[in-house]
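Hi everyone, thanks for making time. Today I'd like to walk you through some aromatic rings, so let me put the structure up.

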Amino acid sequence: MVPWEWVEHDNIDTKPNTLRWRLPFRAVRAIVGLLRLAAVIVGGAMATAVSLAALAPHLGDVLTANSSTSAEINLDQLALRSIVYDSNGAEFDVLFDVENRALVELDDISDELITTVLEVEDAGFWLHNGVDAAAIARAMIRNVSAGDIEQGGSTITQQLIKNGVIGNAKNLDRKLPEAALAIRLERQLTKEEILEAYLNTVYFGGGTYGVRAAAEVYFGVEPSALDWGQSALLASLISNPVQHDPTRFPDVADRRRRLALKALLRAGEITEAEFDEYDDSALPITRRVASEWQPTGYFIEEVRSRLLADVRLGETEAERREALFAGGLRVFTTFDPQAQAQVERAIADNLPDDERFFTAATASIEPGTGAVRALVGGPGFALFKYDIAVQKGRPTGSSFKPFVLAAAMEKGFVPADQISGLGPCEFDNPGGDPDPYKASNFGGSGGVVKSIYGQTLSSSNCAYLRLGQVVGLSNVADTAHALGISADMSDLPMSMPLGPLDITPLDMATAYATFANDGVHVEPIFITRVEDRVGNILFENLPAPTRAISDQSARLVTNILAANVRGGTGMRARLEEQPAAGKTGTAQDFGDAWFVGFTPHLATAVWMGNPDARVPMRGVSGVGSVTGGSIPARIWGAFNNAYHADRPVEEFADPDPTRGGVVLRTDSDTVKYKETAKSLCGDPEAEIDTDEDGEPDSCLDPVFEYDPNIGICPTLLEPVDVDADGKIDQCVVPTTTTTTTTTTTIPTDPTATTTTTTPPPPPPTTSATTSTTTTSTP
């Protein structure tokens, strides 16, 4: 049987009767060269009588196209979407503006699609030299009859020239240069190269260019997987992508697909049974990719935002948009799809279903590299337009306290140093609001004088407010900034240690990653490198480590925060095998709840609350009032247990041994300490001279209130534990007083105690400026 047959068309796409090659198109390549010359001669003869008069003024341009010495036609600069890759090198998203196009090689396109497009658009493609004279003649006769330009008769080569070089106007001034350039292009490229370029440029509607994007948009498949029915629909879209759109005009699209399938049936490419099967198949009713790019997640939106702000892509925003959305860039990121799925699952499993619309936001960063592995910015862009993890900070509550702790360690204090947690507590706040500033501990606990280590595990508000005064709030702000906090802290509010400032989860995760990295800060990295469309590296983002705090300070902080997870407020974040460190935080009136923690492998911040406003999280089903140690800690623990399941267990580095502890006092408490130490009875008017020797030897009031913030009794009084609970309650006059042996010693260093081995440097003098009252809970 001969490998071709005469095919009679029933006005399918107004194609003429043609000689149809029945072999698969790749088999045709071997003999195309033998047929092209004969086809040109025959086609030219058929068209001459019809078109000579119209072509005469321009015939020279067409006839000399093959011998032209002009520069080659450039089809390389097609607008291409940029492809985004995850940390494994796998494609996970695309970026485009108006034209959604991605290149695909001809060998990666199904034979069904190629054959169908050729049958519908250019059945003589393998035979002509770029111009189908018979088709032109037919089109001219049709247009003369209509008195207007109704059809073009363009070959695929001419369409490629139109799409990539000349434009879309329907007139002879365009058609004749188009024909000349098509003939030249056939000399410049092989048929296969022309067909591949065409299939990558042709428009399929809805901002979709090329078969790869079309296969994704309409069917969610790769172009290599397109079957006859899918190919028939795509081929039918080419002549009129708007009117034949199945998502807008399904009846028209169904008729056009049927015509394409009939052409395939007549050509012997499909059987009657296959025709019926594909003709009855459902049309796509929605596009799987929006005609205008929409973010599929918070991570990709942050990638887009950072690239549009990066001057390395262009000096102006317009230049950067052109490069990003049409430049065919290859963007390599730090995104870990497995980690993203794990954190989303942890949120879904633990977030309560509450009509008050509580949600969670998280950021996860790899210590040492700054690589952002996962990001959840809230409930989704459809519900909330801001990315809480990156753009919209919230009060952090007590999860800010480790920055005060780090500043204290940097000043030379040690975890064994003691400070009062007595509450409620009150501080002079000149120039601030309110003045005085008052605070209390979570649950109304009174608190005691104990080590910084212990005050951290109990998350004492009053202890940390005092520690902030001892260390100096300006030092706390400087330390927080060095660790990775970008929020403005210049007003130095008295309440700073309790976390009243709005800080993003990304900043919190970055700062805690600095603890995990032995005090070395690395800026968060979303994009590792960007390449152009041919693989040249345009720029890279490499870690740029800077020392924030000493490794000893970082290890001391880590040691305390690890103990907090083992047996403090963060116990619900404990991991099955991997050591973890972290701190809870609950802002005023349960409006925001945090858990921020880290392992040697990953630092993660978890925030929970209402994204629109600070809604008290009271009466939540199964929890009651939400604190950082409840749902956020559970989310953190669930995610990190999954994340670390296949990772080696790694211990935290131990800090060097430290000196013994001393009692730390604020400036005002130091003044009171000195006054008390010099006093005999606490009040000069209470002093009495019982033996009338001219020296006071007793006190008029036998009981003096003991102040744990001062830590001593007046000279003539002794401390008493009234209720035998191991804590001093009162200062009382001794039952027997021996005045001849009484010796009073006033320490010159107000922080010195009998437990001191090496005194720390003197606490700095600090003064509060502005403030707002904030109650933080653990």
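This is a predicted model: local features need pLDDT of at least 70, side-chain atom pairs count only at pLDDT 80 or more; totals for chains, interfaces and linings use all residues.

Searching the whole structure turns up 17 aromatic pairs. Take Y203 and Y209: their ring centres are 4.6 Å apart and the planes make an angle of 35°, so this pair is tilted. How exposed are these two? Well, Y203 has 29% relative accessibility, so we call it partly exposed. Y209 comes in at 18%, so that one counts as buried, the cut-off for buried being under 20%.

Next up, F515 and F598. Here the centres lie 6.4 Å apart with the planes at 40°, so again we call the pair tilted. And where do these two residues sit along the chain? F515 belongs to helix α20, residues 505-516, while F598 is in strand β21, residues 592-598. That's 83 residues apart, so the pair links distant parts of the chain. As for burial, F515 has a relative accessible area of 1%, so it's buried, and F598 is buried too, at 0%.

Now, these two also belong to a cluster. Ring pairs join F515 and F598 with F400, F403, Y512 and F652.

Last topic: charges over rings. Which ring does R312 sit over? Its charged end is over the ring of F539, 3.9 Å from the centre. Then there's R529, whose charged end sits over the ring of F332, with 3.8 Å to the ring centre.

That's it from me, happy to take questions.

Notes
Residues are numbered from 1 along each chain as its sequence is written. Side-chain values use heavy atoms; hydrogens and water are left out. Rings of Phe, Tyr and Trp (its six-membered ring) pair if their centres lie within 6.5 Å; planes under 30 degrees apart count as stacked, over 60 as edge-to-face and the rest as tilted. Buried means under 20% relative accessible area, exposed over 50%, partly exposed in between (1.4 Å probe, protein chains only). Helices (H or I, at least four residues) and strands (E, at least two) are DSSP runs, numbered from the N terminus. A charge sits over a ring if NZ of Lys or CZ of Arg is within 6 Å of the ring centre and within 35 degrees of the ring normal.
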